[in-house]
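I opened my notebook for a friendly walk through this model. Here is what I looked up, in the order I went.

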Amino acid sequence: MRIDIITVVPELLKSPFEASILKRAIDKNIVEVHLHNLRDYTDKSYNQVDDYQFGGGAGMVLMIEPIDKCISALKKERDYDEVIYMTPDGATLNQKIANGLSLLNNVIILCGHYKGVDQRVRDLFITKEISIGDYVLSGGELGAAVLCDAIIRLIPGVLNNETSALTDSFQDDLLAPPVYTRPSNYKGSTVPEILLSGNFPKIEKWREDQAYDRTKKLRPDLLDQ
Ligand code: ADE
């Protein structure tokens with residue numbers, strides 16, 4: 001998979017890809033992530049990429065021209081499956097959306113900033129709008145990092161234990177069951193007996209029951225879906 005991220009603050013998007021699972025996915029050539037500084041696509045002085053909004057009002061708006069130039073340059077090189085815009089107005093990211101996006105080959109992610117982008121960018125170039133939750137961030141960059149993490153860890157070969165993404169919370173619209181590791185007794189606080197029993201069919205059943213009970217208690221809305 002190849003992900004091209006368009007941003008006015010590429011610095012914000014460096015470190016998420018320089019450690020842990022995302023770095024390993026890049027090192028293994030399973031995914032390529034390219035950052036594009038929108039300021040490299042403007043002819044205006046001071047590398048201007050934003051302007052005041054027509055009609056008045058507070059806040060600057062990212063202009064269509066540099067975004068068009070950047071997206072067009074990318075599209076000249078290859079076809080893209082989706083051009084995603086990170087915005088609080090978008091569909092709220094969930095596991096189902098992440099699963100779908102993890103199957104794609106080439107994706108562009110446009111990060112908004114200030115008041116957002118000129119509406120014509122959304123009308124002409126954007127194929128999907130994604131929010132990471134009902135709150136407003138200073139820009140789309142942190143949302144893009146969250147989205148990339150959620151997608152990339154699902155691509156086969158990225159996680160060491162292939163089954164581990166399949167048993168994540170939300171994969172079956174259920175929360176994950178509790179997990180424990182050594183010691184089995186920590187200052188009198190013990191691990192459920194069943195997990196030490198070696199009876200794997202029974203352990204599996206216990207985990208399923210725990211996942212269901214937890215979901216019913218903490219996120220009953222998931223069971224309605
Ligand atoms: N940009 C600003 N707020 C955002 C949000 N909640 N999700 C995605 N992108 C955003």
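**Strands, sheet and ligand**

I began with β5 and β7, which pair in the parallel sense over 5 bridges. Within this part of the predicted model, I found Tyr85 standing opposite Glu129 in β7.

Next I wanted the whole sheet: in what order do the strands run? I read β2-β1-β6-β5-β7, an open sheet of 5 strands with parallel pairing. I noted β2 (32-37) and β7 (128-131) as the edge strands, each pairing on one side only.

Then I asked myself which strands helix α5 lies across. Helix α5 (residues 141-152) lies across β1 (2-7), β2, β5, β6 (106-111) and β7. Against β6, I have the helix running at about 155 degrees.

On to the ligand, and to what surrounds it. I listed Met86, Thr87 and Pro88, then Gly112, then Ser131, Ile132 and Gly133, then Tyr135, Val136 and Leu137, and finally Gly140 and Gly143. Which strand gives the most to this shell? I found that strand β5 (residues 82-92) does, with 3 residues. Sorting the shell by class, I got 6 nonpolar and 6 polar residues, and no charged ones.

Last, I stepped back to the chain. The domain assignment gives domain 1 as 2-152 and domain 2 as 167-225. I noted 36 Å between the C-alpha centres of domain 1 and domain 2.

Methods
Residues are numbered from 1 along each chain as its sequence is written. This is a predicted model: local features need pLDDT of at least 70, side-chain atom pairs count only at pLDDT 80 or more; totals for chains, interfaces and linings use all residues. Domain bounds come from an automatic or database domain assignment. A residue is near a molecule or strand if its C-beta atom, placed from the backbone, lies within 6 Å of it. Helices (H or I, at least four residues) and strands (E, at least two) are DSSP runs, numbered from the N terminus. Ala, Val, Leu, Ile, Met, Phe, Trp, Tyr, Cys and Pro count as nonpolar, Asp, Glu, Lys and Arg as charged, and the others, Gly among them, as polar. Two strands pair if DSSP finds at least two bridges between them. Two residues are in contact if their C-beta atoms, placed from the backbone, lie within 7 Å. Axes are lines fitted to C-alpha atoms, for helices over the stretch in contact, and angles run from 0 to 180 degrees between N-to-C directions.
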